Amino acid sequence: MNVRVNEMRCLKDALVYHVQAIKAGLTPPTFTTNQLIHVYSKHNLLRESQKLFDEMPERNVFSWNTIISARIKSQDLTKARSLFDSAPHKDLVTYNSMLCGYINTDGCETHALKLFIGMKNAPEDIKMDEFTVTSMLNLCAKLSNVCYGRQLHAFMVKTSNDVSGFAVSSLIDMYSKCGCFEAAHRVFGGCSDEVNLISKNAMLAACCREGELEMALKTFWREPELNDAVSWNTLISGYVQNDDPVEGFKLFVRMGENGIRWNEHTFASVLSACCGLRSLKCGKEVHSWVLKNGLVSNPFITCGIVDVYCKCENMKYAEAMLLDSEVRTSHSVTSMIMGYSSQGNMIEARRHFDSLSEKNVVMWTAMFSGYVKAQQCEAVFDLLSELQAKEAVISDALILVNVLGACALQAALSPGKEVHAYILRMGIKMDKKLISTLVDMYWKCGSLKYAEVIFLNFTERDLVLYNVMIAGYAHHGHGKQAIQLFKEMLLKGAKPDAVTFVAILCACRHCGSVKMGEKYFNSMTEDYNIIPENDHYGCMIDLYGRTNQLEKTVEFMKKIPIEEDAVILGSFLNACRLNRNAELARETEDKLLRIEGNNKARYLQLANVYAAEGNWAEMGRVRKQMRGMKVKKFAGCSWVYVKNGVHIFTAGDKSHPRTEAMYSMLTSLTGELYEIAGAFY
């Protein structure tokens, strides 16, 4: 009988033995029953394990440990603790099992701390071992509680439990995750001269987490013969996560050249590197390596490949990969949505969105972001209604940020206020991004006062928030307030960026202050080492043009070091119109039409320049040229937001379902205007 128990290696053997024992009317000894309970619990047969345990005539500490471990494995910590408290005899394994159960379960950290403290006063005189303290170190890392971690470290030193590679790696991991990198480095430096692979890998991870890549590389090449796949994967992942995908990809290639076998963790990191590089060539190469290594069936890697193709905007390959793998996870679908959204193809994005019945918040957010990017604001509001019908509360701030962005695009103040009220009513945390979006929405909807109130009430202002408010002042013609806020921002220690200077130059343009504009433009390179971009040059050209300094504009244009684009040339044309100089406009015409020859607005801009000077022949030539070419014409339109919907109007349009009522109202208003006008004459 005992021989057969020793041969019990799988569930089938256990069941055969158990059936034979029942038929023979035998009661298995405690040791054998313990083995059966262990095998059953290992195969998730919890009910059978519990029944065996309950029917045992005699139990030993191993019996209790086995059933407690079975309950912990099934995540039934309440029952596990009940069994733990009922156990007449407990040993170190009993305590360690219960402790690990609490540590590995979110929300049970307090129970773990109490149990650990209780171990000191346990009647069984439990002596804590290395496994106990390293498990507690993992808890300290999870809680980012370095105070408890230091106390454990002191205890480990006193009890000589700090010398093994496992103990050292746990200490390094704890200090690193608690933000004490120097302490982690001291622990690693204080270990024996002979480097242990476990502690070495822990130090590598700590260096990468801290962004100390040079130190990570130095640690990696210290006794390189020890390096295993974990070492290489940790370093590759470190470079990728620290925004150096090129070096990460080079290490991936070198890893293969050194004879270390790639695994799913390697490919996960290198696929992230390909996403960062936006390199279709690298993505294809990694895809081929995945196929050669037989890992294409791994759903995580498949999703990574789909993500690479989407990031590289090759949706044809992404679709083929998704079809071949027959894996439609939320991650891969989200990648497809984002890929199509980046190309403005919201029809395909919506098709993938609708392909899954269960949608997570990332997918919803991707759809909202895509519609806003494509400026399909009506679709944003429709999607919001759809989400509200499914979810009682919309708590994701990023979704609300996108909805506010749509409100800003349509200058729809009323729904913007409703979203703001919803945020306040639901108690959603007002982080910096949400505050900046609210300020941006209000001033773009014409309510600068509301934007100003929100800005002033938020004390933790960052560069983005300052930029938004400065831009709001500038666009509303409040140049002095914009400049004053810029000075305040500098006093607060915020360093301006290129966006800041676009806003401040716009403010100078509204003030008509050439001297101040030149000062800030020169300050970009002299004080902040910011290279001017097309928008900065366009602002300066417009500033000179508005102040009738066309000579300065021409001189300034000669000094522009970058290739002139439509922004620069368009600003120069506007300066020519304001200064009625058709000759300079004629010199710029060919350049501009080469860049934007299919844009009707550019022809109209040119025609207006000639008309301003009274050069009707040139104006007629441009208009004739515009009619002769296949230029894209955009109908001028107006819109109004009424009862949760935007209504668009174009001249002579009669396609609206309520056309008769609208034109009737227009006739009535026109009549009233004539009556008012008649009263003045």
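**View 1. Phe-131 sits in helix α9, residues 130–143.** Helices here are DSSP runs of H or I with at least four residues, numbered from the N terminus. This is a predicted model, where local features need pLDDT of at least 70 and side-chain atom pairs count only at pLDDT 80 or more, while totals for chains, interfaces and linings use all residues. Residue numbers start from 1 along each chain as its sequence is written, and side-chain values use heavy atoms, leaving out hydrogens and water. Phe-131 has 40% relative accessibility, so it counts as partly exposed (buried is under 20% relative accessible area, exposed is over 50%, and partly exposed is in between, with a 1.4 Å probe and protein chains only).

**View 2. Helix α7 (residues 92–103) meets helix α8 (residues 109–120).** Their axes, which are lines fitted to C-alpha atoms over the stretch in contact, come within 8 Å and cross at roughly 160°. That's why α7 and α8 are roughly antiparallel to each other, a label for angles over 145 degrees, with angles running from 0 to 180 degrees between N-to-C directions.

**View 3. Ser-144 has a positive phi, near 55°, though it isn't a glycine.** Look for Ser-144 in the loop between α9 and α10 (146–158). Ser-144 is partly exposed because its relative accessibility is 47%.

**View 4. Glu-313 is another residue other than glycine with a positive phi, here near 60°.** Glu-313 lies in the loop that links α19 (299–311) and α20 (315–325). With 45% relative accessibility, Glu-313 counts as partly exposed.

Key: Helices (H or I, at least four residues) and strands (E, at least two) are DSSP runs, numbered from the N terminus. Angles under 35 degrees count as roughly parallel, over 145 as roughly antiparallel, 65 to 115 as roughly perpendicular and the rest as oblique.
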